[in-house]
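Subject: Structure for your review

Dear colleague,

Please find the structure below, followed by an account of what was found in it. I would be grateful if you would read the two together.

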Amino acid sequence: MGILTRTIANNLGENPNPGVNFRNFIINGKMIFDRRGGPYTSNGYTLDRWTMDESTDGAVTVSQSGDVPAGTNFSSALKIDVTTADASIGAAQYCGLTQFIEGQNMVTANYGTSDAENMMLSFWVKSNKTGIYCVRFVKEAGDGTRYETPIEYTISASNTWEKKTISLSPTAGGTALITASAGAIKKNANAGFRIMFSHAVGSNYQATNNTWVAGSDKMGTSNSVNLLDSDSNEWYLTGVQLEVGSSTTSFEHLPEDVELNRCLRYYFKVQGGPSQNYMNFGMTSTNGTNSIMFMHFPQMLRGNATISSNGTFSSNVPYGAGYENTSAGPSLGDMGPNMCRIDFTTPTSHAAGLNGRILLLNDGTGYIDFDAEL
């Protein structure tokens with residue numbers, strides 16, 4: 001290994017396994033990207049790549065926090081704040097934080113063969129609620145069978161950052177499910193694997209610790225604490241790394257532009273400025289009040305996206321006399337992984353094909369976003 005290569009490897013935190021790039025299956029494990037713009041008070045995606053799934057009589061808020069473990073290189077954490085307590089979790093209730101992983105990104109795990117690899121999950125966690133928690137591991141069905149196992153970890157000290165490691169064996173519990181052909185992770189752009197940090201687990205979703213089973217929704221064990229039992233409870237997470245091997249390595253600090261591009265594969269957002277913000281899209285008129293624009297994404301999306309928008313939009317012919325608010329749109333037309341067509345309408349009719357038009361976002365809180373999440 002040359003001097004430059006060795007330096008890059010060290011900067012990425014690759015010791016003690018130099019030369020193994022992108023060994024962390026988790027994206028945004030150090031919680032630095034929050035491009036949707038929290039805090040988040042409902043189910044769905046929160047910080048980039050992390051989705052919240054809460055189904056209890058309580059409520060939580062998810063946000064990005066600057067509270068991080070001392071002596072580390074982390075600058076951000078994900079915070080879950082219980083805002084409405086549920087002291088008695090029903091059998092069919094649950095709460096947890098999940099990241100889905102594309103199947104084609106996990107080929108080195110060798111699931112579905114006798115050479116299936118052990119994996120290690122490491123992370124930093126903090127909460128005022130001590131006790132036994134669980135991480136749920138899911139091998140998605142793909143062309144085989146869906147297998148799951150919850151594995152326990154313990155928060156020992158209140159309000160103290162602790163580093164945890166979990167070993168995930170392909171034969172956990174003495175099983176041979178993962179090493180058989182039905183245990184294979186399908187190598188495509190769909191979800192092939194997931195991890196879930198559980199915070200409340202009803203009895204319907206409890207299973208044996210560290211034992212693979214066929215089926216679904218095995219989120220924790222009967223020992224799992226209920227984080228939602230008090231609205232004073234908080235839970236923090238950062239430095240999440242899932243990797244092949246039987247021992248953990250130092251956290252892989254990828255350059256931020258590299259990690260951002262990984263996030264852009266799943267979600268892209270165009271945000272408004274302090275006042276009017278040019279969307280910078282080439283536009284053409286079609287007929288009457290209809291116009292279209294074509295947009296190239298900065299990173300190839302995982303698959304076809306859904307579009308949503310918020311705010312007031314206006315448009316104008318370049319160097320025209322004035323702007324007019326759009327009467328409908330923007331809405332998604334044709335879609336591909338690299339670009340899409342966006343349709344919108346204006347109050348004023350114009351001749352077909354004669355004019356280009358510029359689209360503007362009239363307020364700083366508005367946006368257009370494209371979601372290709374798993």
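Met120 stands opposite Ser167 in β9, and the bridge partner of Leu121 in that strand is Ile166. The model is predicted, with local features requiring pLDDT of at least 70 and side-chain atom pairs counting only at pLDDT 80 or more, while totals for chains, interfaces and linings use all residues. Residues are numbered from 1 along each chain as its sequence is written, and side-chain values use heavy atoms, leaving out hydrogens and water.

Strand β6 spans residues 119-127 and pairs with β9 in the antiparallel sense over 7 bridges. Strands (E, at least two residues) are DSSP runs, numbered from the N terminus; two of them pair if DSSP finds at least two bridges between them. β6 also pairs with β12 (residues 234-244), in the antiparallel sense over 8 bridges. There, Ser122 stands opposite Gln241.

These strands belong to an open sheet of 5 strands with antiparallel pairing, in the order β3-β4-β12-β6-β9. Its edge strands, β3 (59-65) and β9 (162-168), each pair on one side only. From one strand to the next, the twist averages 25 degrees, with axes taken as lines fitted to C-alpha atoms and angles running from 0 to 180 degrees between N-to-C directions.

In a regular strand, side chains alternate between the two faces of the sheet. In β6, Met119, Leu121, Phe123, Val125 and Ser127 point one way, and Met120, Ser122, Trp124 and Lys126 the other. Of the 9 residues of β6, 9 are buried, that is, under 20% relative accessible area (1.4 Å probe, protein chains only).

With kind regards

Technical notes
Helix = DSSP H or I, 4+ residues; strand = E, 2+ residues; numbered from the N terminus. Buried < 20%, exposed > 50% of the residue type's maximum accessible area, 1.4 Å probe, protein only.
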